[in-house]
Amino acid sequence: LMPLSYKARRRWSLVILLLGLPVYVVAAVTISNLLDRPPMLVELGIYIGLGVIWALPFKYIFKGIGQADPDQDEP
């Protein structure tokens, strides 16, 4: 498996945030609605858990995206 370049990781992070995250939010709300309105603390726990879990598979892609491109020479 070849590591992704900084530019590729930036592009994939945008795709994930702009397309994947809204789809995930709709799925999370749908799952929560299927539980017939659990108690508020349980519902809060579900949303917090799902809010953390979505990012775990993409940790490598998002790591260092806010920093300057490490492959680019500094002026």
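Patches are made of residues with over 30% relative accessible area and no salt bridge, where like charges are joined within 9 Å and nonpolar side chains (Val, Leu, Ile, Met, Phe, Trp, Tyr) within 5 Å. A salt bridge is a side-chain nitrogen of Lys or Arg within 4 Å of a carboxyl oxygen of Asp or Glu. Accessible areas come from the Shrake-Rupley method with a 1.4 Å probe, and for residues only the protein chains shown count as cover.

The model is predicted: local features need pLDDT of at least 70, side-chain atom pairs count only at pLDDT 80 or more, and totals for chains, interfaces and linings use all residues. Residues are numbered from 1 along each chain as its sequence is written, and side-chain values use heavy atoms, with hydrogens and water left out.

**Exercise 1. The nonpolar patch**

Task: Determine which residues make the nonpolar surface patch, and which helix gives the most to it.

Solution. 
- Step 1. The patch covers about 800 Å² and is made by Leu 4, Trp 12, Leu 14, Val 15, Leu 17, Leu 18, Leu 19 and Tyr 60.
- Step 2. Helices are DSSP runs (H or I, at least four residues), numbered from the N terminus. Helix 1, residues 6-34, gives the most to the patch, with six residues.
- Step 3. Leu 4 belongs to the segment before helix 1. Because its relative accessibility is 34%, Leu 4 counts as partly exposed; this class lies between buried (under 20% relative accessible area) and exposed (over 50%), with a 1.4 Å probe and protein chains only.
- Step 4. Tyr 60, another member of the patch, has Arg 9 over its face, at 5.6 Å from the ring centre. For such a placement, NZ of Lys or CZ of Arg must be within 6 Å of the ring centre and within 35 degrees of the ring normal.

**Exercise 2. Residues of helix 2**

Task: State whether Glu 43 is buried or exposed, and which residues it touches.

Solution. 
- Step 1. Glu 43 lies in helix 2, which spans residues 40-53.
- Step 2. Glu 43 is buried, because its relative accessibility is 11%.
- Step 3. Not counting residues up to four places away in sequence, Glu 43 touches Ser 32, Arg 37 and Pro 38; contact means heavy atoms within 4.5 Å.
- Step 4. Val 42 is also found in helix 2, and with a relative accessible area of 43% it is partly exposed.
- Step 5. Leu 50 lies in helix 2 as well. Leaving aside neighbours within four places in sequence, Leu 50 is in contact with Tyr 24 and Ala 28.

**Exercise 3. The aromatic pair**

Solution. 
- Step 1. Trp 54 is buried, at 18% relative accessibility, whereas Phe 62 is partly exposed, at 24%.

Methods: Helices (H or I, at least four residues) and strands (E, at least two) are DSSP runs, numbered from the N terminus.
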